[in-house]
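Grab a pencil and keep the viewer open. Below are some exercises, each with a worked solution that goes step by step.

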Amino acid sequence: MPAKVITLTIDGRDVSAREDYTILDAAKEANVKIPTLCHLEGLCDVGACRLCMVEVKGIPKLLPACVTKVSEGMSVTTDSERLLHYRMTIVELMFSERNHICSVCVSNGHCELQAMAMRLGVDHMRVPYRYPTLPVDASHERFVLDHNRCILCTRCVRACDEIEGAHTWDVMGRGIDAKVITDMNEPWGKSESCTSCGKCVNVCPTGALFEKGRSVGEMVKRKAFLPYLTQMREGKK
Ligand code: SF4
Ligand code: SF4
Ligand code: FES
């Protein structure tokens, strides 16, 4: 049975959407751009980064657009002083949590976190840096994992599991101790499940995953790869 179509307002504009849409889907169709980081077309949504938070009339707390379904008569605001304040704070916390030194990062100039900071106008930090001591795993013959750049978006985990079907990645620990791991927290190079397909590297929004031997100018994540992911997921939604 075809999905029912409902109506809602986004930023004061009447829009229609399928009842199984998320607010992000509906906004996208209405050409309204909501900031996102953990969301990636073709992968399931997990609501990890909270950048896509929006205001919904009658609900005091903010809701993540990528994992909140639309409903009849809903009134959504995607852009306000309050939302900008929280989005900027989230980006500042991401920068403060690990060691994102852009000038020595292979993704400098091609990083979605860096681009988001520029888009939101984050030009200084209001929270102290934590400067954690974090390892770099260069044991894989082709790829490197640098925990210093990881924002725990779990795109790598989902791409490896949902598209490649290898499920090499997972997240270990909670809160500030959380980190991505390969297999049972063994070095990536020792992983028996990894097929070396490179999907995780290409979906990583930062310089946390990169290819060995690539210079800053070369380490552009392959965008043509992403529509392929979407295609693979068709009909699964
Ligand atoms: S290279 Fe492919 S199989 Fe290996 S961890 Fe990345 S996505 Fe998974
Ligand atoms: S390694 Fe990259 S894709 Fe994976 S969780 Fe960290 S930032 Fe996201
Ligand atoms: S894009 Fe919605 S929580 Fe990250």
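**Exercise 1.** How do the residues of the shell around ligand 2 divide into nonpolar, polar and charged?

*Solution.* Keep in mind that you're looking at a predicted model.
- Step 1: Start with who is there. The shell around ligand 2 holds 13 residues, and those that come nearest are C150, C153, T154, C156 and C204.
- Step 2: Sort the shell by class. You get 10 nonpolar, 2 polar and 1 charged.
- Step 3: Ligand 2 sits in the largest cavity.

**Exercise 2.** Which residues come nearest to ligand 1, and which elements give two or more residues to its shell?

*Solution.* 
- Step 1: Among the 14 residues around ligand 1, the nearest are C160, C194, C197, G198 and C200.
- Step 2: The elements giving two or more residues to this shell are α4 and α5 (199–203).
- Step 3: Sorted by class, the shell around ligand 1 contains 8 nonpolar, 4 polar and 2 charged residues.

**Exercise 3.** Why is helix α4 described as largely enclosed by the rest of the structure?

*Solution.* 
- Step 1: Recall the cut-off: a residue is buried when its relative accessible area is under 20%.
- Step 2: Find the helix, residues 155–164, and list its buried members: R155, C156, V157, R158, A159, C160, E162 and I163.
- Step 3: That makes 8 of the 10 residues of α4 buried, so the helix is largely enclosed by the rest of the structure.
- Step 4: Now step just past the end of α4, where G165 has a positive phi of about 75°.

**Exercise 4.** Is L152 buried or exposed?

*Solution.* 
- Step 1: Locate L152 in the loop between β7 and α4.
- Step 2: Apply the cut-off again. The relative accessible area of L152 is 18%, so L152 is buried.
- Step 3: Check its backbone. L152 isn't a glycine, yet its phi is positive, at about 55°.
- Step 4: S196 isn't a glycine either, and its phi is positive at about 60°.

**Exercise 5.** In what order do the 3 strands of the open sheet come, and which of them stand at the edges?

*Solution.* 
- Step 1: Read across the sheet: the order is β6-β7-β10, and the pairing is antiparallel.
- Step 2: β6 (136–137) and β10 (209–211) each have a single partner strand, so one side of each has no neighbour in the sheet and they stand at the edges.
- Step 3: Zoom in on one pair. β7 (residues 143–146) and β10 are paired antiparallel over 3 bridges, and L145 has L209 in β10 as its bridge partner.

**Exercise 6.** How many bridges join strand β1 to strand β2?

*Solution.* 
- Step 1: Find β1 (residues 5–10) and β2 (residues 13–18), which run antiparallel and are joined by 6 bridges.
- Step 2: Pick out a facing pair: T7 is opposite S16 in β2.
- Step 3: Go to the turn. This hairpin has 2 residues between its strands, and D11 takes a positive phi near 50°.

**Exercise 7.** With which residues is R50 in contact, leaving aside its neighbours within four places in sequence?

*Solution.* 
- Step 1: R50 is in the loop between α1 (23–29) and β3 (53–56).
- Step 2: With those neighbours left aside, R50 is in contact with P64 and I90.
- Step 3: R50 and I90 are 40 residues apart along the chain, but 7.7 Å separates their C-alpha atoms.
- Step 4: The relative accessibility of R50 is 36%, so R50 counts as partly exposed.

Definitions and conventions:
Residues are numbered from 1 along each chain as its sequence is written. Chains are lettered from A and ligands numbered from 1 in the order in which they are written. This is a predicted model: local features need pLDDT of at least 70, side-chain atom pairs count only at pLDDT 80 or more; totals for chains, interfaces and linings use all residues. Side-chain values use heavy atoms; hydrogens and water are left out. Helices (H or I, at least four residues) and strands (E, at least two) are DSSP runs, numbered from the N terminus. Buried means under 20% relative accessible area, exposed over 50%, partly exposed in between (1.4 Å probe, protein chains only). Contact means heavy atoms within 4.5 Å. A residue is near a molecule or strand if one of its heavy atoms lies within 4 Å of it. On a 1 Å grid over the protein atoms alone, a cavity is a set of points where a 1.4 Å probe fits but cannot get out, and a pocket is an open set with protein on both sides within 12 Å along at least five of seven lines; lining residues have an atom within 4 Å of a point. A molecule sits in a cavity or pocket if more than half of its atoms lie within 2 Å of its grid points. Ala, Val, Leu, Ile, Met, Phe, Trp, Tyr, Cys and Pro count as nonpolar, Asp, Glu, Lys and Arg as charged, and the others, Gly among them, as polar. Two strands pair if DSSP finds at least two bridges between them.
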